[in-house]
Amino acid sequence: SNDPQLDPVNLPLFYITGWNLTQRNSDCPQEGIRMVVVLRRKFWREVITTYLPTILLMVATFITTFFKPEFFEAALGVNLTTMLMMTTIFMTSLSELTDTAYPKWIDFWLIFCQIIPLAEVVLLTLKEAYREEEDRLDKEKAGEEGGIESRPGQAPVHVIQVGGTTGGWQTE
């Protein structure tokens, strides 16, 4: 028989589901033999080592959008760390796959996963800059009013303070 039965062989990245040995040319056996090996990729390995971690990192990156402004540095750190992790996963994935002249779908996914944290960094930085600008304008507006403070239920009061915290005088 030219098609011996074979149980699926377990390799790190593939299953060998079948193979076949035939002569290249049955009229001229000296031309050699032809071997066909049928491989099937292990899908769950890719899901567990690439897709699941990247999805979890994207969720962590998305959550930083809702951090309070006081935690700007923490949110920035999470996003930059996510970018580094995505680069590591991307490089590992590229080293495991065969080299081709065209991009594969996993390449598109991992590039997308690197762009998202970068966009989050830009978004958070713009939010922080806008918040600081609002704070500066509020302080300037309060300064233009000449130190006038407003208390709930009362008319504005002019405050003058002379001296430091250890002495001096003040009026209200």
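## Two antiparallel helices

Helices α1 and α2 are roughly antiparallel to each other, a label given to angles over 145 degrees, while under 35 counts as roughly parallel, 65 to 115 as roughly perpendicular and the rest as oblique. This is a predicted model, in which local features need pLDDT of at least 70 and side-chain atom pairs count only at pLDDT 80 or more, while totals for chains, interfaces and linings use all residues. Residues are numbered from 1 along each chain as its sequence is written, and side-chain values use heavy atoms, with hydrogens and water left out.

Two packed helices are described by the angle between their axes and the distance between the axes. For α1 (residues 43–63) and α2 (residues 72–96), the angle is about 165° and the axes are 10 Å apart. Axes here are lines fitted to C-alpha atoms, for helices over the stretch in contact, and angles run from 0 to 180 degrees between N-to-C directions. The crossing of α1 and α2 is left-handed, meaning that the near helix is turned anticlockwise from the far one by less than a right angle; clockwise would be right-handed.

## The contact between α1 and α2

On the α1 side, the contact residues include Arg45, Glu46, Thr50, Leu57 and Met58. On the α2 side, they include Val78, Asn79, Met86, Ile89 and Glu96. Contact means heavy atoms within 4.5 Å. By type, the residues of this contact comprise eight nonpolar, six polar and three charged. Ala, Val, Leu, Ile, Met, Phe, Trp, Tyr, Cys and Pro count as nonpolar, Asp, Glu, Lys and Arg as charged, and the others, Gly among them, as polar.

Thr50 is placed in helix α1. Is Thr50 buried or exposed? Thr50 is buried, with a relative accessible area of 4%; buried means under 20% relative accessible area, exposed over 50%, and partly exposed in between (1.4 Å probe, protein chains only). Leaving aside residues up to four places away in sequence, Thr50 touches Ile89, Ile106 and Leu110.

## Salt bridges

Side chains of opposite charge can pair when their charged atoms come close. The structure has five salt bridges, each defined as a side-chain nitrogen of Lys or Arg within 4 Å of a carboxyl oxygen of Asp or Glu. One of them joins Glu128 and Arg131, at 2.8 Å from N to O. These two residues are three apart in helix α3 (residues 105–144), which means that about one helical turn separates Glu128 and Arg131. Glu128 counts as buried at 12% relative accessibility, whereas Arg131 is partly exposed at 27%. Glu128 and Arg131 are also linked with Asp135 in a network of salt bridges.

Arg136 forms a salt bridge with Glu133, the closest N and O atoms being 2.4 Å apart. Arg136 also forms one with Glu140, where the closest N and O atoms are 2.4 Å apart. Glu133 is three residues from Arg136 in helix α3, so about one helical turn lies between them. Glu140 lies four residues from Arg136 in helix α3, about one turn of the helix. Arg136 is partly exposed at 37% relative accessibility, as are Glu133 at 34% and Glu140 at 38%.

## The whole chain

The protein chain has three helices and seven strands, running β-β-β-α-α-α-β-β-β-β from the N terminus on. Helices (H or I, at least four residues) and strands (E, at least two) are DSSP runs, numbered from the N terminus.

Of the 172 residues in the protein chain, 18% are buried. Among contacts with a separation of 6 or more, 48% are between residues 24 or more positions apart.
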